[in-house]
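Colleague: I'm new to this one and would like a quick tour. Could you put it on the screen?

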Amino acid sequence: MDEWARKNRSTMKKGLILGRFQPFHSGHLELIKDIIDNGIEPLICIGSAQYSHTSENPFTVEERKEMIETIMKNMNCEYNIFEIPDINNYDLYVSHLEKFVPSFDYVYSGNPLVQRLFGNAGYEIIKLEMINREVWEGSAIRLAMKEGGDWESAVPTQIAEIIHRIDGTERLKILP
């Protein structure tokens, strides 16, 4: 880390990114690049951390964390990754997440529920414009993986390599 970054780290604004990253895709990458370009330190929260090996959540939290770290190591920025288990209670979700994550200045989300919950808790919401949503969406990518379609063009190359290494497409094909 250079001298300027060291001096300004404590004053740098932090932005919360909440996702399941099932898998990490190009939409996630574009969001993170935009946040970094605006001088915001990303706090990346892996939601539904306790779930894996289902068609909705095929990857483990460790696999998702590896995907994120693989991308972030080339970003030349400070960041943190947090594992957030679900509690299935919207009224308590924000306070639940706050137990895992240090203070943050902004919440970046395209999800209306996340926007409402964190907005009601007093956080500044940065509403995301979803880019190429029909392709860069986890459910569409997982379906393409399951059906043998083109999913690799929707994820960074390094993520496709991880998914192939862990036999992620084969895993999805056998999950109910």
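Colleague: Is E83 buried, exposed or partly exposed?

Modeller: Before that, a word on the source: this is a predicted model, where local features need pLDDT of at least 70 and side-chain atom pairs count only at pLDDT 80 or more, while totals for chains, interfaces and linings use all residues. Residues are numbered from 1 along each chain as its sequence is written, and side-chain values use heavy atoms, with hydrogens and water left out. Buried means under 20% relative accessible area, exposed over 50%, and partly exposed in between (1.4 Å probe, protein chains only). E83 has a relative accessible area of 36%, so the label is partly exposed.

Colleague: Which residue forms a salt bridge with E83?

Modeller: A salt bridge here is a side-chain nitrogen of Lys or Arg within 4 Å of a carboxyl oxygen of Asp or Glu. For E83, the closest N and O atoms of the pair are 3.9 Å apart, and the partner is K65.

Colleague: And where do the two of them sit, and how many residues apart?

Modeller: Helices (H or I, at least four residues) and strands (E, at least two) are DSSP runs, numbered from the N terminus. E83 is in strand 3 (residues 80-84) and K65 in helix 3, so this pair links distant parts of the chain. Their separation is 18 residues.

Colleague: How many salt bridges are there by this rule?

Modeller: Take K14 and E41 as one example: their side chains meet in a salt bridge at 3.3 Å, N to O. K14 lies in strand 1 (residues 14-19) and E41 in strand 2 (residues 41-47), so the pair ties together parts 27 residues apart in sequence. Counted by this rule, the number comes to seven.

Colleague: Which residues is T169 in contact with, leaving aside neighbours within four places in sequence?

Modeller: T169 lies in helix 8, and at 14% relative accessibility T169 counts as buried. Contact means heavy atoms within 4.5 Å. With those neighbours left aside, the contacts of T169 are M145, W151 and I163.
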